[in-house]
Amino acid sequence: MQTILSVTNLSKTYASGFHALKQIDLSIRRGEIFALLGPNGAGKTTLISTICGIVRPTEGTITVAGHDINTDYRAARSLIGLVPQELTTDAFETVWATVSFSRGLFGKPANPAYIEKVLKDLSLWEKRNNKIITLSGGMKRRVLIAKALSHEPQILFLDEPTAGVDVELRRDMWNLVRGLSASGVTIILTTHYIDEAEEMADRIGVINGGEIMLVEDKAELMRKLGKKQLSVQLEGPLAAVPPQLAEYRLELSADGNELIYTYDSHEEHATQTTGEPADRRTSIVALMNALSDAGIRFKDLQTTQSSLEDIFVSLVKGQRDANGGTHASRDKESAT
């Protein structure tokens, strides 16, 4: 798939010496939905602001459809629509006027039919003549999205777009995102609702402490990093896990009535696709045989799989542990 956005060796260091971004390399494919995940202060907003030309990088290059964001700013920026976190817009303008004005800022000729379509898609048509100051918070966020779409961008950045909005708006927004992606618009979103990223994104990027920890196709990420657990409901309680089962690293519930076996999902995948366990010692079949040999009878089995949220929390916690837990408390992303 063709690359529409390329970020190479991007760093941002403030006058205070704080390193907000650290040698970031990132390529975004045309037409994909890319979710950028990270805790508060990870660098998400700083990265977006730098790509959009709001924050000047210390080093590195950014190109949008071949246009350098620094040397060819006007052409690069015209391809980008940005929906910021903050509800900042012209309070005393009407919805129609502010969205039409945003289109004109990019040198686009007037196109009332297009503006009408955008407003209708965002359920704003009935509010088109209302002043923005009279709108609810959810409606104001719809206006921000309409403004970002007004000049028909090829890339749309959504920075925490559903933070603090109602369920209906979230549903409408994601329907719109799917439609835009289907039409070829590239969507890059940051979100704290990891379930949205799990449902919507084609690829996932995780950023923490100003560094990209990984970029992976969502399905592949879930396959490689997801863990599964097998819960074995016992017919009678155990006082302890028998020594002959030590190699399986089983956990025994507090009441002794359940054994929990954690394994990699890719091991099960190998078993399912080849018909053979990936590792005889860690296969479920081998575990069942070992339980039988140990005289342990069970009445039920249940499996659960890691969610994207579980994977994200594990990744971030691992990096914090490796770095002494210093990143998040020092990041000044919100100031940018």
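1. A residue counts as buried here when its relative accessible area is under 20%. By that cut-off, 45% of the 336 residues of the protein chain are buried. The model is a predicted one.

2. Overall make-up. The protein chain has 12 helices and 14 strands. Take the contacts with a separation of 6 or more: residues 24 or more positions apart account for 70% of them. The chain exposes about 16400 Å². Carbon and sulfur atoms supply 49% of that area.

3. Helix α1. This helix covers residues 44-51 and is mostly covered. Eight of its eight residues are buried. Lys 44 is on that list, together with Thr 45, Thr 46 and Leu 47. Ile 48, Ser 49, Thr 50 and Ile 51 complete it. Gly 53 follows α1, and its phi is positive, near 85°.

4. Salt bridges in general. Side chains of opposite charge can pair when their charged atoms come close. The structure holds seven salt bridges.

5. Glu 32 and Arg 203. These two form a salt bridge, with the closest N and O atoms 2.7 Å apart. The pair links distant parts of the chain, 171 residues apart. Glu 32 lies in the loop between β2 (19-29) and β3 (33-37), while Arg 203 is in strand β9 (residues 203-208).

6. Lys 120 and Glu 116. Their closest N and O atoms are 2.7 Å apart, and the two form a salt bridge. Both sit in helix α4 (residues 112-121). Because Lys 120 and Glu 116 are four residues apart in that helix, about one helical turn separates them. An α-helix has 3.6 residues a turn, so residues three or four places apart point the same way. Lys 120 is partly exposed, with a relative accessible area of 44%. Glu 116 is also partly exposed, at 26%.

7. Glu 235 and Arg 297. Here the salt bridge has its closest N and O atoms 3.3 Å apart. This pair too links distant parts of the chain, 62 residues apart. Glu 235 is in the loop between β11 (227-234) and β12 (251-252). Arg 297 is in the loop between α10 (284-293) and β14 (298-305). Glu 235 is partly exposed, with a relative accessible area of 48%. Arg 297 is exposed, at 59%. The cut-off matters for this pair: exposed means over 50%, and partly exposed lies between that and the buried range.

8. Packing of α3 on α4. How do these two helices pack? Helix α3 (residues 95-105) and α4 meet at an angle of about 120°, with their axes 11 Å apart. That angle makes α3 oblique to α4. The crossing of α3 past α4 is right-handed.

9. Residues at the α3 and α4 contact. From α3 come Val 95, Trp 96, Val 99, Ser 100 and Arg 103. They meet Pro 112, Tyr 114, Ile 115, Glu 116 and Leu 119 in α4.

Notes
Residues are numbered from 1 along each chain as its sequence is written. This is a predicted model: local features need pLDDT of at least 70, side-chain atom pairs count only at pLDDT 80 or more; totals for chains, interfaces and linings use all residues. Side-chain values use heavy atoms; hydrogens and water are left out. Buried means under 20% relative accessible area, exposed over 50%, partly exposed in between (1.4 Å probe, protein chains only). A salt bridge is a side-chain nitrogen of Lys or Arg within 4 Å of a carboxyl oxygen of Asp or Glu. Contact means heavy atoms within 4.5 Å. Accessible areas come from the Shrake-Rupley method with a 1.4 Å probe; for residues, only the protein chains shown count as cover. Axes are lines fitted to C-alpha atoms, for helices over the stretch in contact, and angles run from 0 to 180 degrees between N-to-C directions. Angles under 35 degrees count as roughly parallel, over 145 as roughly antiparallel, 65 to 115 as roughly perpendicular and the rest as oblique. A crossing is left-handed if the near helix is turned anticlockwise from the far one by less than a right angle, and right-handed if clockwise.
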